[in-house]
Amino acid sequence: MKQSSNTRWRTVDIVVASVIAVAFGVIFWAWNMVWSATEGAFTFFPPAQAVIYGVWLLPGVLGGLVIRKPGAALYCEFVAAFVSVLLGSQWGTVAIMQGLAQGLGAEAAFLAVRYRSFRLPVAVGSGTLAGLVAALFDQWRYYSELDFDSFRLPVFLITVVSAAVIAGAGSWVLTRALAQTGVLDRFPAGRERTAV
């Protein structure tokens, strides 16, 4: 079966997806430290710390919006998680499994529209699905022993909202900002920019 030119990855797609993934792998490594450092700021209501969770889901949505090929969201999220583990994630190799799961969630929104729409609602949907998968993973891996009403439910909801806003809407804004600079001119996202 022959692949269409809209789904076949070009060399530039692989390079840019890899740059996004590696850059976010480094950001993840730093964000892991930010997460640990901010725990004290949320002692009033520990689930509220999930308000900053969406940063971990940015590369999947961003990769999907920029590359616009099947597998881009999954690739960027997974490789970013892998790089963060190589740099020394405090969560160890479980972060690789988590990156894979989150990438599948981010990818699902683009798949649902058959890679034909990259507007704000799809970006928010991608962030939301990545956040939903992340929240479910965390419930199973980290929070299963904690109280449902006072911790598990609030952290679940806050994680999903953070993912929708930061990863979803944030990636859409970031893609538009990058397009305005001209760095995405080899991609449909760059060719859609408005004249300045």
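Contact is taken here to mean heavy atoms within 4.5 Å. The structure is a predicted model, in which local features need pLDDT of at least 70 and side-chain atom pairs count only at pLDDT 80 or more, while totals for chains, interfaces and linings use all residues. Residues are numbered from 1 along each chain as its sequence is written, and side-chain values use heavy atoms, with hydrogens and water left out.

Ser89 lies in the loop between helix 3 and helix 4. Leaving aside neighbours within four places in sequence, Ser89 is in contact with Asn32, Ser84 and Ala95. Ser89 counts as buried because its relative accessibility is 12%, the class being defined as under 20% relative accessible area (1.4 Å probe, protein chains only). The C-alpha atoms of Ser89 and Val161 are separated by 24 Å, the two residues being 72 residues apart along the chain.

Leu57 is located in the loop between helix 1 and helix 2 and is buried, with a relative accessible area of 0%. Residues up to four places away in sequence not being counted, Leu57 touches Glu77, Gln102, Ala130, Gly131, Ala134, Ala163 and Ala167. From Leu57 to Ile96 the C-alpha distance is 13 Å, over a sequence separation of 39 residues.

Arg68 occupies the loop between helix 2 (58-67) and helix 3. Arg68 is also buried, at 11% relative accessible area. Its side chain reaches the backbone oxygen of Leu65 at 2.9 Å. Beyond neighbours within four places in sequence, Arg68 is in contact with Asn6, Gly63, Phe118, Pro188, Ala189 and Glu192.

The unreviewed UniProt entry places the feature "transmembrane region" at residues 12-31, 51-67, 72-89, 120-143 and 155-174; such annotations may be inferred rather than shown by experiment. Over residues 72-89 the chain is 89% helix and 0% strand (strands being DSSP E runs of at least two residues), and the end C-alpha atoms lie 23 Å apart. For residues 120-143 the corresponding values are 92% helix and 0% strand, with 31 Å between the end C-alpha atoms.

The largest pocket is lined by 25 residues, of which Trp35, Tyr53, Trp56, Trp91 and Tyr142 lie nearest its centre. Helix 1 (11-38), helix 3 (72-87), helix 4 (94-112) and helix 6 (148-181) are the elements giving two or more residues to this lining. A pocket is an open set of points on a 1 Å grid over the protein atoms alone, where a 1.4 Å probe fits, with protein on both sides within 12 Å along at least five of seven lines; lining residues have an atom within 4 Å of a point.

Key
Helix = DSSP H or I, 4+ residues; strand = E, 2+ residues; numbered from the N terminus. Buried < 20%, exposed > 50% of the residue type's maximum accessible area, 1.4 Å probe, protein only. Polar contact = N/O pair within 3.5 Å; in protein donor to acceptor, adjacent residues only side chain to side chain.
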